[in-house]
Amino acid sequence: MTTIARKRLYELRQREERRFVSDHPRSAELYERAKNSLVDGVPMNWMKKWPGAFPLFAARAKGAHFTDVDGRDYVDLSLGDTGAMTGHSPEVVVAAIAKRVREGITLMLPTEDSLWVGEDLKRRFGLPYWQFALTATDANRFAIRIAREITGRPKILVYHYCYHGTVDESLVSLQHGVVGPRRGNIGPPVNPAETTRVVEFNDLNALEDSLEGQDVAVVLAEPAMTNVGIILPDQGYWQAARELTRKYGTLLIADETHTICAGPGGCTKEWMLDPDFVVFGKPIGSGIPGAAYGCTEEVARRISKRLAVEDCDVGGVGGTLAGNALSLAAMRVTLEHVLTAEAFKTMIPLARRFNDGVAAEIRKNALPWNVVQLGARAEYHFSERPPRNGAESAAFADFELERFLHLYALNRGVLLTPFHNMALMCPATTAADVDLHTQIFAAAAAELAA
Ligand SMILES: Cc1ncc(COP(=O)(O)O)c(C=O)c1O
C-alpha cells in the first residue's frame, strides 16, 4: 500500500495554494474588503472552511456549473451541500417562483400549493401528515419538541458524529463513553449530556442499553450517516433498531435531508423504513428556504389532542415565515418537475460512474482509501475499508490531505464540499462533468503516490 509522504503533501499543497491565489485576484480583492464589514471576512462562519487562502466569490450558477467573479467556470459537485441538489436555478423553478413573487410572498395564510406538497410528500414517504419550516434544523427541532411533548420524556438519542443542523441537543460528542459538547460547539446552552444520549451507529447493544431506561423520547437519525463520510447501515440494522425503539416506547425521526439522494422517497422508501417522523429540507425548494416534517397518524393524533387554539402561537413550533407562499411554491415546482423519479434515473448512474472512476484510481495507485455510493451521492474516505460508525470514520480523517485534494480539484475547475470528500449529482450533471473530476483525482493521486 502507498504511504503518503507528509513532506511531499506539504510541498504539493504550497504549490496549489500559490496557484489558487494567482488565479483569483478579484476574489482576493473582495475578501480583503469583506474583512471590514463581515466577521472574519465571510457572510457565514462555515465559509472559512473552503480550501485556499480565501473563499471564491460566486458570480452566477446554472445547472451543475457556476462561475466565479474572476470569470472561471466550475463543475459544482458540492451543490450547496445539497441545497442545490436540484441543479442551480432550474428554468421551471425560476418561472414558478417569479410568478409567486409577483402574487405575494408571505401571508400567514395557507395557499393551495401547501396541499399539493403535503399530498406529494405523503406519496413519497408514506407518512400521512405534514408541517413546514424554513430549515431542516428547524424541522428537526420541531419534531423533537413534539416527540418530547407526547412521550413526556426528556432525552433524545443521536449517533456519534451525526450532524442534523444547529440543533443544540445534537451538537454532541462521545469520548470514552462520556457525552459532552462537540469540539467547536459555540456556547452550548447546557451540557448536552443533560439532554442527549449518544451511541455509535450500527451498534444495537449500545442502542438498547441507552433506551431501556425509557427516558428517551426520540432517536434522531439519518438512515445512512452522511456527515462524517457516508456510513451505510449494516444489513438488518434498521429493522432491529426500529424494534428496539418500539419495545421501549421511543419514537424515531428519519432525517432525510441528505439521504434524499437515495431516491424520490429517500431511504425511508428505498429501504422500507417505518419512522414516526421524516424530515426533509435543503433541496426541497431548489434552495428557496423551506423544509418539511411528516408524522404518522398516531403522532398527529397525540399532538393534536394537546394543542389549544388559544396557545398555538407560542408552543415553540413554527415561525412567522414557515409555510410561506413562496417557500411552498418552490417546493411544489421542485417536487413536481425537478426531484422526480425520472431525475434519479440519471443522477444515480452518474454517482456510480463517479464511484467507479475514483475506485479504479485508488486501486491503480495502491492507496489505502475507499469510496462509497449512496444513490446520487458518493464519497471517498482515507481508510482501506468503509467505516461502520462515526468514531471509525473520524479516526481516518486527514484534514491536510482533504484540503490538498479539494484545492487541487478547485484549481482545475471542480468544487467538492468543504467538509469531507462528498460529491453529489444533480439532474443537470453530465458524464463529462464526472469524468473531469476522475481525471483530476487521478492526477492528484499519481502526484501523491509518486
Ligand atoms: C442531515 C442533516 N440534517 C439537517 C441539516 C440542517 O440543515 P440546515 O442547515 O439547512 O438547517 C443538515 C445540514 O447539513 C444535515 O446534513
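At 7% relative accessibility, A34 counts as buried (buried means under 20% relative accessible area, exposed over 50% and partly exposed in between, with a 1.4 Å probe and protein chains only). The model is predicted, so local features need pLDDT of at least 70 and side-chain atom pairs count only at pLDDT 80 or more, while totals for chains, interfaces and linings use all residues. Residues are numbered from 1 along each chain as its sequence is written, and side-chain values use heavy atoms, with hydrogens and water left out. A34 lies in helix 2 (residues 25–34); helices (H or I, at least four residues) and strands (E, at least two) are DSSP runs, numbered from the N terminus. Leaving aside neighbours within four places in sequence, A34 is in contact with G41 and F57, contact being heavy atoms within 4.5 Å.

Helix 3 comprises 13 residues (residues 91–103), which at 1.5 Å a residue should span 18 Å; the end C-alpha atoms are 19 Å apart, which agrees. The expected span is 1.5 Å times one less than the number of residues. V93, I97 and R100 are the buried residues of helix 3. Seen down the helix axis, these buried residues fall within an arc of 60 degrees, so they line one face of helix 3; the arc is that of the directions from the helix axis to the C-beta atoms. E91 and R102, on the other side of helix 3, are exposed. The cover over the buried residues of helix 3 includes helix 10 (325–338). Just after helix 3, G104 takes a positive phi of about 115 degrees.

In helix 7 (residues 237–247), the buried residues are Y237, W238, A241, R242, L244 and T245. Viewed down the axis of helix 7, they fall within an arc of 160 degrees, so they line one face of the helix. The face turned away from the buried side of helix 7 carries the exposed residues E243 and K247. Strand 5 (155–159), helix 6 (204–211), strand 9 (216–221) and strand 10 (251–255) are included in what covers the buried residues of helix 7. G249 follows helix 7 and has a positive phi, near 70 degrees.

An open sheet is formed by 3 strands in the order 13-14-16, with antiparallel pairing; two strands pair if DSSP finds at least two bridges between them. Strand 13 (370–374) and strand 16 (422–424) stand at the edges with a single partner strand each, so one side of each is left without a neighbour in the sheet. Neighbouring strands of this sheet are turned by 20 degrees against each other on average, direction ignored. Strand 13 is joined to strand 14 (residues 377–381) by 5 bridges, and V372 stands opposite E379 in strand 14. Helix 11 (residues 341–364) lies across strand 13, strand 14 and strand 16, running at about 175 degrees to strand 13. Axes are lines fitted to C-alpha atoms, for helices over the stretch in contact, and angles run from 0 to 180 degrees between N-to-C directions.

The largest nonpolar core has 117 residues, of which L121, Y159, W369 and M425 touch the most other members. Helix 11 gives the most to this core, with 10 residues. A nonpolar core is a set of buried Ala, Val, Leu, Ile, Met, Phe, Trp, Tyr and Cys residues joined through side-chain atoms within 4.5 Å. Not counting residues up to four places away in sequence, W369 touches I4, I362, H381, F382, S383, E384, L401, L405, F441 and L448. A second, separate core of 10 residues includes F20, L56, L407 and L410.
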